[in-house]
Amino acid sequence: AEWGYSPTNGPDVWARLFPQAGGARQSPVDICTSIASSDSNLEMKKLTFAYESQSDLRILNTGHGWKVEAPQSGSRLEGGPLGEDIYQLEQFHCHWGETSAEGSEHTVDGRAYAGELHLVHWNTTKYQSFAEAAQHPDGLAVLGVFFDVGNESNDEIEKIVSTLSEIKFKGQFTDIPDVIDPTTFLPSGLGYWTYLGSLTTPPCNECVIWIVYKEPITVTEEQLVQFRCLSACSGEAEEFIVKNYRPPQPLGNRALRECNA
Ligand SMILES: NS(=O)(=O)c1ccc(CCNC(=O)Nc2ccc(Cl)cc2)cc1
Ligand SMILES: [Zn+2]
């Protein structure tokens, strides 16, 4: 049975098919700002990224949303909570909801944003592949960026939106002709929260160091509407991907740290 986001195959039943989904370090979580401990040595080891601009990146419809594959070389992330290891950009995608009142995976003091972008990186210092890294507690680092709805459309997101008509159905892919610079997805304020968690979709491996930026970026309602026109099926039958976010999971006794860059 294929997992998804409907009542019969959604987050509430994932643990039946994917045991890790019921674990103690699951993501996303509600970020309770009052318990976030500001950690001075995070400030010491500033989070640094070196993102290259790339053209002809491949975007595909995964059936759960769109995903842009990043080339093996190039974009890297290090510092902050990542210790001495270097993490390389593997892909990015985003999550959204049926309306703009919901859609983010992480919430902040119970508040959901209209969506959330995930820049997915893997630890190339310790592991030989993304798949191998996803089997280890420090294997992945995902940057989360919240979407707020506003009047200015986000030019970088528009480059993604302009390709969606070509990947309407699950399994379809195309190359994005424009040059994409992942740095442009990041907010101007670089303060973030960080904690140890998991993939937010099955198999929900507990392998992610999460870094969630405090400041949202702005997208338009029209851009979100375009996301919801993607089909979860490979053809004829049309079942739109109207939502693809997992609700917050228990933080348990995990530390939630913040860094005000
Ligand atoms: N939501 S995450 O960053 O924790 C996450 C990162 C990587 C994986 C493994 C590869 N699978 C994947 O990328 N699946 C996917 C793609 C697009 C959307 Cl919209 C939803 C799910 C799963 C979850
Ligand atoms: Zn994601």
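## Exercise 1: Around the ligand

A polar side-chain atom of Thr200 sits 2.8 Å from a nitrogen atom of ligand 1. Keep in mind that this is a predicted model. Find which residues come nearest to ligand 1, and how much of the ligand the protein buries.

**Solution**

Step 1. Now look at the polar atoms. In the side chain of Gln91, an N or O atom is 2.6 Å from an oxygen atom of ligand 1. His93 has a polar side-chain atom 3.2 Å from a nitrogen atom of the ligand.

Step 2. Finish with the surface. Ligand 1 exposes 520 Å² when taken alone, and the protein buries 90% of that.

## Exercise 2: The nonpolar cores

Find which residues touch the most other members of the largest nonpolar core, and which strand gives this core its largest share.

**Solution**

Step 1. Here is the general idea: in soluble globular proteins, nonpolar side chains tend to be buried together.

Step 2. The largest nonpolar core has 43 residues, and Trp66 and Phe227 touch the most other members. Strand S7, residues 87–96, supplies the largest share, with five residues.

Step 3. Zoom in on Trp66. Leaving out residues up to four places away in sequence, its contacts include Phe92, Cys94 and Trp96, as well as Leu117, Ile160 and Phe227.

Step 4. Look for another group: a second, separate core holds 21 residues, among them Trp122, Ala133, Val212 and Leu256.

## Exercise 3: A glutamine in a loop

Decide whether Gln26 is buried or exposed, and find the side chain with which its own side chain makes a polar contact.

**Solution**

Step 1. Locate the residue: Gln26 is in the loop between helix H1 (14–17) and strand S1 (30–31).

Step 2. Check the accessibility. Gln26 has a relative accessible area of 1%, so it counts as buried; the cut-off is under 20%.

Step 3. Search for polar partners. The side chain of Gln26 makes a polar contact of 2.8 Å with the side chain of Arg246. A polar atom of the Gln26 side chain also lies 2.8 Å from the backbone oxygen of Gln20.

## Exercise 4: Salt bridges

**Solution**

Step 1. In the bridge between Asp148 and Arg111, the closest N and O atoms are 3.1 Å apart. Asp148 is partly exposed at 26% relative accessibility, and Arg111 is partly exposed at 41%.

Step 2. Next, take Lys159 and Glu156, whose side chains meet in a salt bridge at 3.1 Å, N to O. They are three residues apart in helix H4 (residues 155–161), which means about one helical turn separates them.

Step 3. Glu221 and Arg228 also form a salt bridge, with the closest N and O atoms 3.4 Å apart. Glu221 is partly exposed at 29%, whereas Arg228 is buried at 11%.

Step 4. Finally, look for shared partners: salt bridges join Asp85, Lys126 and Asp138 into one network.

Notes:
Residues are numbered from 1 along each chain as its sequence is written. Chains are lettered from A and ligands numbered from 1 in the order in which they are written. This is a predicted model: local features need pLDDT of at least 70, side-chain atom pairs count only at pLDDT 80 or more; totals for chains, interfaces and linings use all residues. Side-chain values use heavy atoms; hydrogens and water are left out. A nonpolar core is a set of buried Ala, Val, Leu, Ile, Met, Phe, Trp, Tyr and Cys residues joined through side-chain atoms within 4.5 Å. Buried means under 20% relative accessible area, exposed over 50%, partly exposed in between (1.4 Å probe, protein chains only). Helices (H or I, at least four residues) and strands (E, at least two) are DSSP runs, numbered from the N terminus. Contact means heavy atoms within 4.5 Å. A residue is near a molecule or strand if one of its heavy atoms lies within 4 Å of it. A polar contact is a pair of N or O atoms within 3.5 Å; within protein, one must be able to donate a hydrogen and the other to accept it, and residues adjacent in sequence count only if both atoms are side-chain atoms. Accessible areas come from the Shrake-Rupley method with a 1.4 Å probe; for residues, only the protein chains shown count as cover. A salt bridge is a side-chain nitrogen of Lys or Arg within 4 Å of a carboxyl oxygen of Asp or Glu.
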